[in-house]
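Please read the following briefing alongside the sequence and the three-dimensional structure, which are shown next. The points after the opening sentences are grouped by topic.

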Amino acid sequence: MKHYCKAALKLSIQMLNHVSNNNNSCTWLLFVVRHYSRIQPPRPVSVEPVIRVSNNIARLDAPKEGPKPRQLLSLPPFPGHPLPAKSSNSGPGQRDYVTAVNWIKYYFKGTWGSVIESHFREGLVQMEGVVGADSYTQKETLMKPMRKIRPNEVMEHGARVHVPVSIAETRISKRYDAIPCGTLYPNADEIKYLQRLVIYKDSAIIVLNKPPKLPVKGSLPVHNSMDALAAAALSYDYDEGPKLVHRLDRETSGILLLGRTKDSASHLQWLFTNINNAKSSCKAWNDACEATYQRYWALVIGTPKEKEGVIHAPLSKVLLNDGKTERIILAHHSSVEPRQEAVTEYRVLGPKINGCSWVELRPLTYRKHQLRVHCAEALGTPIVGDYKYGWFVHSRWKQMPRIDIEPTTGKPYKLRRPEGLDVQKGSVLSKVPLLHLHCRELVLPNIAKFLQVLNNSSEELHGSLSQQPDVLRFVATMPSHMRISWNLMSSYLV
């Protein structure tokens with residue numbers, strides 16, 4: 001080693017003597033010699049030590065690392081004031097506005113307010129504002145760089161708020177979700193269980209948070225369906241049980257709407273099939289129908305190429321070779337099978353973690369298996385646990401590498417596994433995950449308010465009914481297996 005260092009030093013001195021007559025190339029050669037020299041390596045980056053006291057002993061040590069950046073969750077663009085089913089608190093002559101903390105509490109309905117406020121105090125809430133009002137005419141909206149915001153900051157139309165995924169973390173119970181045993185005449189325990197699923201109840205509708213693995217519509221071999229159980233357990237003081245307004249798949253969880261009377265069920269069924277047929281001469285009812293929407297949260301394998309967009313892909317139904325099994329596929333222009341128009345809006349909530357990403361889906365049409373087929377075939381990202389339309393991707397997904405890079409910093413994510421958490425409850429890390437599709441949010445007209453007007457029994461609303469809101473908004477919590485996956489993917493950067 002000594003001979004090598006002496007030879008390198010001698011060579012560098014000879015090179016310096018050789019180029020001393022040429023001043024133009026001296027700087028370049030000095031740079032080259034300094035770069036490749038092993039005699040004098042570059043100095044390490046110096047960090048000012050800090051004084052630490054432990055066990056009454058003071059010592060100098062390196063400063064602590066700052067908080068590691070977490071995965072950010074993107075909220076939808078602020079739609080403006082007033083929000084659906086949100087009453088105004090401003091007085092006469094005052095300007096209506098929505099603050100940042102109220103917008104987050106509105107979107108994450110059911111989350112503790114102290115949790116949201118703690119994220120503001122720690123400076124973890126950021127906002128991406130719009131550059132100008134005329135930017136909406138452009139093809140791509142220009143956005144300002146993200147900045148930290150305060151809870152009392154007024155939201156602007158089109159602004160996006162980014163919060164850590166940890167803001168929606170919830171505690172997981174150690175018990176599995178109970179499923180009714182399934183008889184046409186449920187016992188007292190099953191009736192209490194079904195009544196605990198009720199989110200909202202009035203004279204016209206009942207809203208449930210349906211658990212997974214429970215069929216909605218029963219047939220001869222299926223007795224433990226939601227319509228049969230609801231008719232037996234959720235009639236309350238009515239002579240007849242509630243009727244189904246729309247359907248969810250057996251493995252899908254979330255908000256399920258039931259009509260308590262024939263009139264309310266028929267009007268809402270028209271609303272979910274064709275909104276034009278549901279309209280009437282009442283302007284307030286028509287405006288409430290236009291505000292109706294559903295939002296689903298789904299965990300998909302991979303991530304869509306575009307962060308948000310609209311899927312226009314008609315669907316058709318085919319029979320497999322056995323002649324009994326039906327399957328929904330994307331309709332081709334040259335096919336002879338009947339086709340149905342299907343439109344879905346989607347938005348990616350955050351970056352890819354563990355090979356998966358969370359997506360928000362908003363169907364504009366209500367077709368059978370529409371969201372599952374659009375995710376699997378139109379986007380190429382099947383929903384986790386959807387083995388009917390994503391079996392091939394699932395077989396390859398278990399063998400994929402689990403290193404995902406954060407797009408802005410280029411650092412890898414680290415998947416967190418909280419201690420004592422049973423991941424084998426159908427979550428994303430279990431051997432056979434359950435379907436990760438959940439109907440999270442529903443906004444619909446207040447049918448109990450407009451029922452007399454729609455039945456032409458009264459031209460005007462009564463005084464008590466006129467004070468009720470025109471639309472209702474419901475948010476349902478995710479089932480246990482999706483909450484476990486959410487907490488596991490609430491990761492941080494290494």
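With a salt bridge taken as a side-chain nitrogen of Lys or Arg within 4 Å of a carboxyl oxygen of Asp or Glu, the count comes to 16 salt bridges. This is a predicted model, in which local features need pLDDT of at least 70 and side-chain atom pairs count only at pLDDT 80 or more, while totals for chains, interfaces and linings use all residues. Residues are numbered from 1 along each chain as its sequence is written, and side-chain values use heavy atoms, with hydrogens and water left out.

**Salt bridges**

- Side chains of opposite charge can pair when their charged atoms come close.
- Arg 473 and Glu 441 are joined by a salt bridge through their side chains, at 2.8 Å from N to O; because Arg 473 lies in strand S20 (residues 471-475) and Glu 441 in strand S19, the pair ties together parts that are 32 residues apart in sequence.
- Both Arg 473 and Glu 441 are buried, a term that stands for under 20% relative accessible area, with exposed meaning over 50% and partly exposed in between (1.4 Å probe, protein chains only).
- Arg 473 and Glu 441 also belong to a network of salt bridges that links them with Arg 295, Arg 347 and Glu 360.
- Asp 470 and Lys 449 form a salt bridge between their side chains, at 2.4 Å from N to O; this pair links distant parts of the chain, with Asp 470 in the loop between helix H13 (463-466) and S20, and Lys 449 in helix H12, 21 residues apart.
- Within that pair, Asp 470 counts as partly exposed at 32% relative accessibility, whereas Lys 449 is buried, with a relative accessible area of 4%.
- Asp 287 forms a salt bridge with Lys 283, in which the closest N and O atoms are 2.9 Å apart; both residues lie in helix H9 (residues 283-290), four residues apart, about one turn of the helix.
- Asp 287 is partly exposed, at 41% relative accessibility, and Lys 283 is exposed, at 60% relative accessibility.

**Overall make-up**

- The secondary structure of the protein comes to 14 helices and 21 strands, where helices (H or I, at least four residues) and strands (E, at least two) are DSSP runs numbered from the N terminus.
- Of the 494 residues of the protein, 44% count as buried.
- Among contacts in the protein with a separation of 6 or more, 68% are between residues 24 or more positions apart, a contact being heavy atoms within 4.5 Å.
- The protein exposes about 29,000 Å², of which carbon and sulfur atoms supply 53%; accessible areas come from the Shrake-Rupley method with a 1.4 Å probe, and for residues only the protein chains shown count as cover.

**Nonpolar cores**

- A nonpolar core is a set of buried Ala, Val, Leu, Ile, Met, Phe, Trp, Tyr and Cys residues joined through side-chain atoms within 4.5 Å; the largest has 62 residues, and those with the most contacts inside it include Ile 205, Leu 257 and Ile 447.
- Helix H12 (residues 447-454) gives the most to this core, with six residues.
- Domain 2 (198-278) and domain 3 (294-437 + 482-489) both give residues to this core, so it lies between them, the domain bounds coming from an automatic or database domain assignment.
- Apart from this core lies another, of 44 residues, among them Tyr 106, Ile 149, Met 155 and Ala 168.

**Buried elements and residues**

- All nine of the nine residues of helix H14 (residues 480-488) are buried, so this helix is largely enclosed by the rest of the structure.
- What covers the buried residues of H14 includes strand S3 (72-74), strand S10 (253-259), strand S11 (293-301), strand S17 (356-363) and strand S19 (437-445).
- Tyr 106 is found in helix H3 (residues 100-107) and is buried at 9% relative accessibility; leaving aside neighbours within four places in sequence, Tyr 106 is in contact with Leu 83, Pro 84, Lys 86, Tyr 293 and Arg 473.
- Thr 381, in the loop between helix H10 (370-378) and helix H11 (387-397), counts as buried at 3% relative accessibility.
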